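Here is a friendly walk through one protein model. Keep the sequence and the 3D view side by side as you read.

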Amino acid sequence: MPFSTYLESKRADLKKLVGYLGERFGYVSILGTDCKATVYMANKNAQSVRDGSGECGFVVKMHDGKAFYEYSLSEISGDIKALADKILKEIKLADGILTVEGTAVKDEPLVKSFVRESDFDNYTDEELLAFCVKLKDDILAKDQKVVNAAVMLQPYTVSKIFISKNRELDQHYGWVKGICMATYFDGKMVQPREGRHYYLLSDVLENLPNKIDKLLDKARHLAKATPIVPGVYDVITDPSIS
C-alpha cells in the first residue's frame, strides 16, 4: 500500500505554484489529498465488490497579513504560471471586503513523512467477500426472525501532501470500516447495526463476528420498544456534547 503515485507526480508542480503565488502573498500552502476505498458487501440477495467513495484534489491557502484566501482545485497541471495568474485574478473578487488584521502564519522549516503500516495487501478480494458472505449467513442462522442480513467491509487508503515555502510534508495510512446489519421482524420491522473500525483488516475480521449477539439483542429490544410519547423532556448530556 504505497503513497499515492498521483500526488507524488504533482510534488514539483505544487512547489512551483507555491513559488508563483508567494510573489503576491506572505504565506502560501497547498494541501493535496488522494483517498481511495473499496466496498465489499453481501446480503441475502446479492454480493459485490465495488469502488467506494473517495476524494482527490487540492486546497490552496493564502494569507496577506489581513485575510485568508482559499482556492480549491481538482487538478494541478499544465502551465503552472498561467494557473497562478488565474487564481490571483479570481480571488480579486474578494478585494474591498472588510478584513481584520491577523497574526502572520508561522512557516517554520520542516520536511517529514509519516507512514502507518497496514495489512491490506495480505488479503484478496475473494477472501474479503467470502468473509462477508459467511458472516451474513451466520447472522441469518442465529434467529428465524431475521428477514435479511448484510455485512460490509470498507478498507480505504489516505494519502496527503502539504507544501509551503518552508515545509514539505506527506502522510499515508489506511482505515477499515466493518458493519453488520440485520432486518428483523417481530411484530414490527427494525434494522439495527453494529460495527468495528480499525486500521488493520485483521482486527476487523477477528472482532466483527463477535458483534452478532449484540446485534440480535439490539434487534429484539427495538422490536419490542414502545415509541416515545411526543412532548417536552429534560435531556442530560455529557459536557463534550452540550
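## A predicted model

Please keep in mind that this is a predicted model. The residue numbers you will meet run from 1 along the chain as its sequence is written.

## Around S164

Let's begin in strand β6, which spans residues 146-164 and contains S164. The relative accessible area of S164 is 5%, so this serine counts as buried, the limit being under 20%.

What does the side chain of S164 join in a polar contact? Its partner is the side chain of D107, at 2.6 Å.

The model has 19 salt bridges. In general, side chains of opposite charge can pair when their charged atoms come close. A few pairs are worth a visit in the viewer.

Start with K36 and D34, whose side chains form a salt bridge with an N to O distance of 2.9 Å. Is D34 buried or exposed? Its relative accessibility is 6%, so D34 counts as buried.

Next, turn to helix α3, residues 80-91, which holds both D85 and K81. These two are 4 residues apart, about one turn of the helix, and their side chains meet in a salt bridge of 3.1 Å, N to O. D85 is partly exposed, with a relative accessible area of 38%, and K81 is partly exposed too, at 34%.

## A link across the sequence, and a network

The side chains of R220 and D143 also meet in a salt bridge, with 3.1 Å from N to O. R220 sits in helix α6 (residues 212-224), while D143 belongs to the loop between α4 (125-142) and β6, so this pair ties together parts that are 77 residues apart in sequence.

Which residues are linked in it? They are E8, R11, K15, E168 and D170.

## The β1 and β2 hairpin

Now look at strand β1 (residues 27-43) and strand β2 (residues 47-51), which pair in the antiparallel sense over 5 bridges. A hairpin of 3 residues joins β1 to β2. To find your place along the pairing, pick out V39, whose bridge partner in β2 is R50.

How many disulfides does the structure hold? The count is 0. C132 is in no disulfide, and the nearest cysteine sulfur to it, that of C180, is 10 Å away.

C132 counts as buried, at 0% relative accessibility, and C180 is buried with a relative accessible area of 0%.

Key:
Predicted model: local features only at pLDDT ≥ 70, side-chain atom pairs only at ≥ 80, totals over all residues. Heavy atoms only, no water. Buried < 20%, exposed > 50% of the residue type's maximum accessible area, 1.4 Å probe, protein only. Polar contact = N/O pair within 3.5 Å; in protein donor to acceptor, adjacent residues only side chain to side chain. Salt bridge = Lys/Arg side-chain N within 4 Å of Asp/Glu carboxyl O. Pairing = 2+ DSSP bridges. Disulfide = S-S within 2.5 Å.
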